[in-house]
Protein chains: 2
Amino acid sequence: MSINMVADHARWPIANDPIFEISGKAKKAIAEHGKENVIDATLGALYDDNGNLLCMNSVYSTLKGLPNEKIAAYAPLAGTPDYLKSVEKACFGDYKPNAYIRAIATPGGTGSIKHGICNYTNEGDTILIADWFWSPYNTISEEIGRKVECFTMFNEEGNFNIVSFKEHFEALMAKQGRVVTILNTPAHNPTGYSVSDEEWDEILNILKNAAKNTDNRVILLVDTAYIDYAGQGQERRKFFKKFSNLPENLFVIIGYSMSKGYTMYGMRSGAAIGISSNEDLVIEFQYSCMHSGRANWSNGTRGAMETMSTIYADPEKLTAYQNEVVTNKKMLQERAKIFVEEAKKIGLKTLPYRDGFFITIAHPEPKKVMNELTKYNLFLVSLKKGIRFAICAVSSEKCRKAPAIIKKVIDDLGSVR
Amino acid sequence: MSINMVADHARWPIANDPIFEISGKAKKAIAEHGKENVIDATLGALYDDNGNLLCMNSVYSTLKGLPNEKIAAYAPLAGTPDYLKSVEKACFGDYKPNAYIRAIATPGGTGSIKHGICNYTNEGDTILIADWFWSPYNTISEEIGRKVECFTMFNEEGNFNIVSFKEHFEALMAKQGRVVTILNTPAHNPTGYSVSDEEWDEILNILKNAAKNTDNRVILLVDTAYIDYAGQGQERRKFFKKFSNLPENLFVIIGYSMSKGYTMYGMRSGAAIGISSNEDLVIEFQYSCMHSGRANWSNGTRGAMETMSTIYADPEKLTAYQNEVVTNKKMLQERAKIFVEEAKKIGLKTLPYRDGFFITIAHPEPKKVMNELTKYNLFLVSLKKGIRFAICAVSSEKCRKAPAIIKKVIDDLGSVR
């Protein structure tokens, strides 16, 4: 290129989204060999057993039944009041923390992560995340001159590595006096891990301990994008109660998304929820995020907000919606059970899965494994330290077949080295 | 507040949106005195003569007729290819410039303005805008540490003040070596001005002259949010042709929005369109904006994109849509004609209106005028240097009545001083 026109900070590698690329290869294979002969485990959305995108009937009949003006009109900058109330109900369920709470609409969960990373750090700051992470945490950070640092997510028993978390968190806090840390739980992307209630206590003890120094600013960002597919009943929401009566310099932000729980990925609706023992600080949160919203995307998608508040205002609709969620969750859990059992049976080691859309297998050469698997018409996504299999997109039958194929490819690669 | 939790750069005044506030007062007055006795000229959306939000039938029947999966699925980061092709057709009409062109989906027009301001400037830089401007230009800039500087938009004849534009642009360029300037035309918000083709030639001469210094970076951002309501036929799109064969260090970005032209304000869909004589530079533009999109809001609203591409793929639907646009435009132009003629008749001086949603009256004490007008049940928005009357939201009948009320209030205030 002879010259550049964009400013230096905005120049990024000209590279295509790798998920999009492998996903394109899967589509090509399906066209060539037929649906039944291809396993496409690349996509981060829920598909039925016939390979069709699952669109919840309770959601889309509500959306399409809205009067046009409820889709057409601008939403207020913060989101419609009814939507924000519904978001709190949907997110916390029976475990709303005893604290001041303010929600603000965002485009999907992404917008809430952006708010948390941008507004609670200074330029040059480092964010703390797990070493298995959703790559946009890094994209969001690098775009605005922030860095990410990773703690080791799992200990040798396959539980949350509280030692590594403590070490990294306290070192960063000593250096910066202000730390934003992101925990993607329950139903972590990409591993499917859910932090247990006991682990939450340990994490919060570390954060509270740092907050004893009143000059410190502790910000916990919990990305709950997959929460509706976690656990059996409400038990995976219990940890929210632990955000009651926290020290005022320990601020919690929940990243909430309608994408997965409402199968409304393309409608771009979510929320950032601020939680504090000090009312001033949730107001500060709200106005800070409103300014950022105005300065980035303006306001949120009205039709998605109205869909959610219409469902929440009508007990019959709400029941129908909740029943659909349970049906979908059961389908997903059945697939996970089959995959995990099969993997165990044949000796394919997966990372500790508890809930959610993905199962991950650690591997030192993930790209090689991904490419090799395409020869067997099995398509999945390579991460930095392993491969991600999207059970959300693959039928039970294929979830039973996949582990043996993956095991064979990994074994073959091992014997070559 | 005892402490702050947000970072210093993210702390903003705790103040409500002033448009939302005055608009709330108008709604209260309607509830109290009846629709027919209140003139609510606060809203920036098209309303029919009965005060109902206009939702285009061709648009909403298409949206609601889409298969659910076309609304539910994530769109690609750049936008669906069919959408991007439709955007180019819709935006340029018969006047597509002879240049390399790449479009990228954004949430409404706002996202495209954000891309242009952020990615083509450095921190601390100053953006050049007109002294009558849409306030989010300032919000977007201040959020990311950019400043705005204003040239005087009108000369004494009520035409584009090319002298002031030249002076400010060249001074900024000498200082920064890189200038982003935003022109909101045709159908400027808030004045309704449209830059003429002759004025465009003068503007482009100034920009081309600056581009003679190959170290300079000239970025022209044209905000066309209201273009579908400008002119009679295609004549207000002629200026696009002038972006052919520009020097490579003069880059043009068009901010395109579906909000007004499709009455889809709440669906958050638009595009940034990069135009250059150098293909590398539109590719650079595309990847820079894709990174920013991923790092801010992820992807765009799929349902809006599919609505537009479905309409553009079907000549019958396209004709129905275009006929609706013409009907709406005629209604708007009739209101404008009535307001302007009436104002002229009684001696109320407006800023030069040519097209669009708003008519503006300059005044040194706009807040006072706005508040005084509420006593007559006339509600409009106060700007820094005047008041904005939204003809888009007010019936012809009320457009005839309003100028006299405004004139009276301004005269009364004048005699008090």
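This is a predicted model: local features need pLDDT of at least 70, side-chain atom pairs count only at pLDDT 80 or more; totals for chains, interfaces and linings use all residues.
Residues are numbered from 1 along each chain as its sequence is written, chains are lettered from A and ligands numbered from 1 in the order in which they are written, and side-chain values use heavy atoms, with hydrogens and water left out.

**Stop one: α2 and α10 in chain A**

Select residues 57-65 and 302-313 of chain A, which are helices α2 and α10. Helices here are DSSP runs (H or I, at least four residues), numbered from the N terminus. The two pack at an angle of about 115°, with their axes 9 Å apart. Axes are lines fitted to C-alpha atoms over the stretch in contact, and angles run from 0 to 180 degrees between N-to-C directions. α2(A) and α10(A) are therefore roughly perpendicular to each other (65 to 115 degrees counts as this).

Now show the side chains: Ser58(A), Val59(A), Thr62(A) and Leu63(A) of α2(A) meet Gly303(A), Thr307(A), Thr310(A) and Ile311(A) of α10(A). Contact means heavy atoms within 4.5 Å.

Zoom in on Ser58(A), in helix α2 of chain A. Is Ser58(A) buried or exposed? Ser58(A) is buried, with a relative accessible area of 9%; buried means under 20% and exposed over 50%, with partly exposed in between (1.4 Å probe, protein chains only). Leaving out residues up to four places away in sequence, Ser58(A) touches Ile311(A), Ala320(A), Tyr321(A) and Glu324(A).

**Stop three: between the chains**

Next, pick α9 (residues 279-296) of chain A and α6 (residues 136-143) of chain B, which pack at about 115° with axes 8 Å apart. On the α9(A) side, the contact residues include His291(A) and Arg294(A), and on the α6(B) side they include Pro136(B) and Ile140(B).

**Last stop: the core**

Which residues touch the most other members of the largest nonpolar core? Of its 298 residues, they are Phe243(A), Phe389(A), Ile406(A), Phe243(B), Phe389(B) and Ile406(B). A nonpolar core is a set of buried Ala, Val, Leu, Ile, Met, Phe, Trp, Tyr and Cys residues joined through side-chain atoms within 4.5 Å. Finish by selecting Phe389(B), whose contacts include Phe339(B), Leu380(B) and Ile406(B).

Terms used: Angles under 35 degrees count as roughly parallel, over 145 as roughly antiparallel, 65 to 115 as roughly perpendicular and the rest as oblique.
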